[in-house]
Amino acid sequence: MFITGKVAIVTGGVSGIGFDYATELLKNGLKAVTLADTDDAKGEEAVAKISNDFGGDKVLFVKTDVTIKEQFDNAFKQTVDKFGNIDILVNNAGILMESIWEKMMAINVGCFLAMEEYFPKYKSGDEAVIVNISSIAGFEAASVVPVYVATKHAVVGFSRSISTPDQYESSRTRIVTICPGATDTPMMQEWVRKALNDRYRELTKTFVEVMTYPMQTTGAVAKALVKAIEEGGNGSMWCVEDSEIFELVLPSRLDMRKK
Ligand SMILES: NC(=O)c1ccc[n+]([C@@H]2O[C@H](COP(=O)([O-])OP(=O)(O)OC[C@H]3O[C@@H](n4cnc5c(N)ncnc54)[C@H](O)[C@@H]3O)[C@@H](O)[C@H]2O)c1
């Protein structure tokens, strides 16, 4: 089992799916987890809950805005100071607010610190793992959230590029990507009122009326994380929708050529 005895950072780990990622990893033998998140009130609650369920030596909260390199770096530093190693990065922090689209563009790509600086020095085994969180929006259009869709497509392209065989050969970092479908979290409860402007609010009303995405629990997505880490090959992409997990195989551009 890859997860057993390893140390992970989960960004956006104090609420929503991220909190369940952290606890599911601990249930599966993780040595310790750092929750790197901007929300310190929820951070305290999350640490109390995890300490109660798994022990106080298993968890650390580091107030981190992952769009600020120094803060992300500090989360890595504190992790290796406290737990000795770092083996898994779950890049989960995300927002769905078209009205602050500049921030959304900055939030999704945070792998370089792990691959270039911390994994080479501090991974405990031969291989480290990055899990990037995209979405079904990484493969589909959605008229009402174009920037969100763009950032999730970016996660797919970025993950594909850092998981090519030559990358793996030199980085020894396995990249897996998870693409959840609609999941019941604070993000899903709030996104409608955070539309870009009145025109988007109107579009959103219609979109929500005809929306047919089945809503799943955070627990179902967290199970997919464990499966992807334990069974996923380098570069693999996993969809989890309506609690069903399945691997995606992307077509080449030649397969997509119009016949
Ligand atoms: N909920 C869904 O339906 C769904 C579907 C597909 C993909 N996702 C993706 O899953 C991830 C988690 O989503 P969620 O629904 O649990 O959201 P959430 O809003 O419930 O939780 C997101 C967490 O990220 C933190 N965060 C936000 N910006 C941050 C930053 N700059 N630095 C550090 N932490 C930050 C928040 O404080 C929060 O704790 C996101 O990447 C999201 O895009 C969600």
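Before you start: residues are numbered from 1 along each chain as its sequence is written. In this predicted model, local features need pLDDT of at least 70, side-chain atom pairs count only at pLDDT 80 or more, totals for chains, interfaces and linings use all residues, and side-chain values use heavy atoms, with hydrogens and water left out.

**Exercise 1. Describe the shell around the ligand.**

Step 1: Find the neighbours, taking a residue as near if one of its heavy atoms lies within 4 Å. The ligand is surrounded by 29 residues, and the closest are Asp37, Asn92, Tyr148, Thr183 and Thr185.

**Exercise 2. Find polar contacts of the ligand, meaning pairs of N or O atoms within 3.5 Å.**

Step 1: Look at the side chain of Thr185, where an N or O atom is 2.5 Å from an oxygen atom of the ligand.

Step 2: Turn to the backbone. A polar backbone atom of Ile17 is 2.8 Å from a ligand oxygen, and a backbone N or O atom of Thr64 lies 3.3 Å from a ligand nitrogen.

Step 3: Check the cover, using Shrake-Rupley areas with a 1.4 Å probe. On its own the ligand has 830 Å² of accessible area, and the protein covers 93% of that.

**Exercise 3. Examine a salt bridge, a side-chain nitrogen of Lys or Arg within 4 Å of a carboxyl oxygen of Asp or Glu.**

Step 1: Search the whole structure; there are eight salt bridges.

Step 2: Pick the one joining the side chains of Glu24 and Lys27, at 3.6 Å from N to O.

Step 3: Glu24 and Lys27 are about one helical turn apart because three residues separate their positions in helix H1, a DSSP run (H or I, at least four residues) numbered from the N terminus.

How values were computed:
A polar contact is a pair of N or O atoms within 3.5 Å; within protein, one must be able to donate a hydrogen and the other to accept it, and residues adjacent in sequence count only if both atoms are side-chain atoms. Helices (H or I, at least four residues) and strands (E, at least two) are DSSP runs, numbered from the N terminus.
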